[in-house]
Amino acid sequence: MVGRVADEIVLSAEERVFLEAQVRRHKAARSLSDRCRMILLCAEGLQSKEVGAQLGVHEHTVGKWRRRFVKDRIEGLTDEYRPGRPRTVSDAQVAEMGLSHTTIRRIWAAFGLQPHRSETFKLSTDPLFVDKVHDIVGLYLSPPNRAIVLCVDEKSQIQALDREQPVLPMAPGVAERRTHTYTRHGTTSLFAALDIATGAVIGKCYKRHRATEFLDFLKQIDRHMPEGPDVHIVMDNYATHKTPKIKAWLARRPHWHVHFTPTSASWINQVERWFAELTRKQLQRGVHRSTADLEADIAAFIEVHNENPKPYKWVKSANEILASVKRFCQKSQQKQCAEL
């Protein structure tokens with residue numbers, strides 16, 4: 001007997017771009033990205049059974065989304081409406097004024113609205129943005145031979161906070177609880193340098209974060225560096241990084257090379273990723289009754305981190321980043337024109 005012939009899938013250029021983008025997106029729904037992977041593999045000529053074996057799903061599931069895509073294309077990959085409790089608020093009522101907050105909440109739920117969610121963004125206006133992105137991403141993806149690449153920055157004004165009442169530890173079925181009020185016991189500033197090849201971190205805390213402290217930290221980095229290799233420093237355009245003393249110190253070390261990040265683009269400095277890890281794992285839940293306790297905990301975190309460091313993997317090329325920025329700018333411009 002001859003089995004059913006699978007529907008052939010031929011993608012247009014626009015469809016392929018959309019499907020590949022959904023697979024790459026970190027915030028895409030897992031179900032949608034899985035379906036997009038299925039369709040991309042089907043478009044390569046694989047049978048549903050082969051696709052299912054590769055993705056770890058049943059061949060019938062692959063066949064279902066293959067048929068849906070052939071019939072409705074991209075729209076066929078979204079979930080169909082599932083009947084449930086009938087709507088109690090009509091469209092006419094939605095248009096009326098004076099609805100209660102519970103009714104509004106039901107309206108939001110009915111249409112899948114989440115108006116409480118908000119995210120922030122800031123586009124760099126650096127005139128050398130493109131050149132700097134190519135320069136720094138090039139360092140990450142293809143560092144110079146026999147050279148050390150360090151991402152340097154400071155995390156300033158880290159507060160030593162003590163809760164006004166003891167933290168109640170988590171218990172079965174009960175989350176950790178702590179008071180929302182706290183007592184401040186001063187601040188410290190952490191200077192850190194991340195080696196992108198090994199993931200190791202050089203760090204030191206200071207009471208202030210002036211050019212004097214930054215120069216002292218550069219000297220500490222220099223003491224840790226082996227003789228011979230060039231040293232490439234990635235850092236931002238903060239004023240303390242460009243004082244005459246800093247420039248003179250760097251000028252006396254021709255094997256040191258500085259790469260400035262674009263303005264308003266801290267995301268391109270890999271040490272910011274490590275700062276986020278420090279905050280989440282050490283500072284966020286910490287209780288510190290003095291800056292000395294805070295600095296001791298930061299030093300202990302760096303020591304433990306360096307016992308088994310792991311480098312971060314940079315995956316996007318400069319061209320991919322610039323293409324994403326371009327699409328975002330075009331989308332923002334279209335929205336502005338629509339509002340006008």
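How does Asp 34 count at 25% relative accessibility: buried, exposed or partly exposed? Asp 34 counts as partly exposed, a class that lies between buried (under 20% relative accessible area) and exposed (over 50%), with a 1.4 Å probe and protein chains only. Before going on, note that this is a predicted model, in which local features need pLDDT of at least 70 and side-chain atom pairs count only at pLDDT 80 or more, while totals for chains, interfaces and linings use all residues. Residues are numbered from 1 along each chain as its sequence is written, and side-chain values use heavy atoms, leaving out hydrogens and water.

Let's stay with Asp 34 for a moment. Its side chain meets that of Arg 37 in a salt bridge (3.3 Å, N to O); the term stands for a side-chain nitrogen of Lys or Arg within 4 Å of a carboxyl oxygen of Asp or Glu. Both residues lie in helix H2 (residues 30-43), 3 residues apart, about one turn of the helix. Helices (H or I, at least four residues) and strands (E, at least two) are DSSP runs, numbered from the N terminus.

The structure holds 11 salt bridges. In another of these, Arg 73 and Glu 15 bring their closest N and O atoms to 2.8 Å. Arg 73 sits in the loop between helix H4 (59-72) and helix H5 (91-95) and Glu 15 in helix H1 (residues 13-24), so this pair ties together parts 58 residues apart in sequence. Glu 15 is buried, at 13% relative accessible area, and Arg 73 is partly exposed, at 27%.

Now turn to the sheet. Its 5 strands form an open sheet in the order S3-S2-S1-S4-S5, with mixed pairing; two strands pair if DSSP finds at least two bridges between them. Strand S3 (201-206) and strand S5 (256-260) are the edges, each pairing on one side only. Strand S4 (residues 230-235) pairs with S5 in the parallel sense over 5 bridges, and Val 234 stands opposite His 259 in S5.

Finally, look at helix H10 (residues 271-283), which packs with helix H11 (residues 291-307) at an angle of about 115°, their axes 11 Å apart. Axes are lines fitted to C-alpha atoms, for helices over the stretch in contact, and angles run from 0 to 180 degrees between N-to-C directions. Among the H10 residues that meet H11 are Glu 277 and Lys 281, contact being heavy atoms within 4.5 Å. Glu 277 and Lys 281 are also linked with Arg 273 in a network of salt bridges.
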